[in-house]
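Open the model in your viewer and keep the sequence panel beside it. This tour goes stop by stop, with something to select at each one.

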Amino acid sequence: MRRKKRGRVQRVQIVLLLVLAAAAAAMLLIRMRLFPLAEEMAVTQVTNKTSNLINDAIDRQIRQGAVDYSSMVLLEKDGDGNVTALKTNISEINRLKTQILDTVNEEIMNLNVEQIGVPLGNLVAPELFSGHGPYLPVRVLAVRSSDAGFENQFYQAGINQTLHQIVMNISIQMTIVTPAGTRLVETSSQVVVAETVIVGTVPNSYLSVDPSGLTT
């Protein structure tokens with residue numbers, strides 16, 4: 001009787017060991033195959049969300065009237081109304097840069113799991129369960145650096161007309177935490193913040209104006 005009982009206990013122990021071994025193998029498989037995929041998805045989620053935040057922040061500034069071409073660029077004209085020079089308002093450029101970067105950095109740090117987490121269904125069976133299931137946690141640990149530069153773009157807009165656009169190039173570097181560990185993410189976005197149509201030729205004197213990162 002004791003031998004039977006001992007044999008039964010041994011069989012249970014063997015089964016438990018097999019179950020634990022299978023669980024360990026499954027976890028190893030998940031870590032080796034699914035975690036790297038989850039990390040790449042997390043990077044994509046964060047990058048896309050950050051680009052949206054940048055666009056939304058600039059769009060709000062424009063709607064609120066905080067961004068205006070005439071406050072950023074001064075058109076000097078001669079007595080006949082011809083544009084003779086374009087000058088940038090450095091203080092306005094710097095104000096806009098600081099305000100947008102502060103807003104974007106704050107909103108990035110406030111991103112939650114529902115916004116940038118990876119749904120489990122995207123990893124297991126994306127063709128059936130994409131966007132469903134519990135979220136694998138992803139969060140922004142820190143914004144390491146953020147900067148913005150301005151660029152001028154000129155396009156022919158018609159007979160004797162030139163479209164002048166002021167483009168803001170924003171670059172952000174941040175550290176995120178994913179199920180696979182920490183990851184450095186860099187994202188950039190280019191957004192038109194102001195534009196106008198200049199009648200006549202664009203003066204060459206504008207090409208020499210480059211004090212706050214504004215370049216042609």
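Two strands pair if DSSP finds at least two bridges between them. Helices (H or I, at least four residues) and strands (E, at least two) are DSSP runs, numbered from the N terminus. This is a predicted model, in which local features need pLDDT of at least 70 and side-chain atom pairs count only at pLDDT 80 or more, while totals for chains, interfaces and linings use all residues. Residues are numbered from 1 along each chain as its sequence is written, and side-chain values use heavy atoms, with hydrogens and water left out.

**Stop 1: the sheet**

Select strand 6 and strand 7. They pair in the antiparallel sense over 18 bridges. Pick out Ile 176, then look in strand 7 for its bridge partner, Arg 183.

Together the three strands make an open sheet in the order 5-6-7, with antiparallel pairing. Strand 5 and strand 7 are the edge strands, each pairing on one side only. On average, neighbouring strands of this sheet are turned by 15° against each other, direction ignored. For such angles, axes are lines fitted to C-alpha atoms (for helices, over the stretch in contact), and angles run from 0 to 180 degrees between N-to-C directions.

**Stop 2: the turn between strands 5 and 6**

Zoom in on Gln 156. Thr 162 stands opposite, in strand 6. The hairpin of strand 5 and strand 6 has two residues between the strands. Asn 160 takes a positive phi near 60° here.

**Stop 3: a histidine in strand 6**

Select His 164, in strand 6. Is His 164 buried or exposed? It is buried, because its relative accessible area is 0%. Buried means under 20% relative accessible area, exposed over 50%, and partly exposed in between (1.4 Å probe, protein chains only). Show side chains: that of His 164 makes a polar contact with the side chain of Asn 152, at 2.7 Å. A polar contact is a pair of N or O atoms within 3.5 Å; within protein, one must be able to donate a hydrogen and the other to accept it, and residues adjacent in sequence count only if both atoms are side-chain atoms.

**Stop 4: the core**

Which residues touch the most other members of the largest nonpolar core? Select Met 72, Ile 170 and Val 193, out of 40 residues in that core. A nonpolar core is a set of buried Ala, Val, Leu, Ile, Met, Phe, Trp, Tyr and Cys residues joined through side-chain atoms within 4.5 Å. Helix 1 gives the largest share of this core, eight residues.

Stay on Val 193. Beyond its neighbours within four places in sequence, its contacts (heavy atoms within 4.5 Å) include Ile 58, Met 72, Leu 96 and Phe 150. Then display helix 3, which lies across strand 5, strand 6 and strand 7 and runs at about 140° to strand 5.

**Stop 5: helix 1**

Go to Gln 45, in helix 1 (residues 2-63). Gln 45 is partly exposed, with a relative accessible area of 29%. A polar atom of its side chain lies 2.9 Å from the backbone oxygen of Gly 117.

**Last stop: the other hairpin**

Finish with strand 1 (residues 73-77) and strand 2 (residues 83-88), an antiparallel pair with five bridges. Leu 75 has Leu 86 as its bridge partner in strand 2. In the turn of this hairpin, Gly 81 has a positive phi of about 85°.
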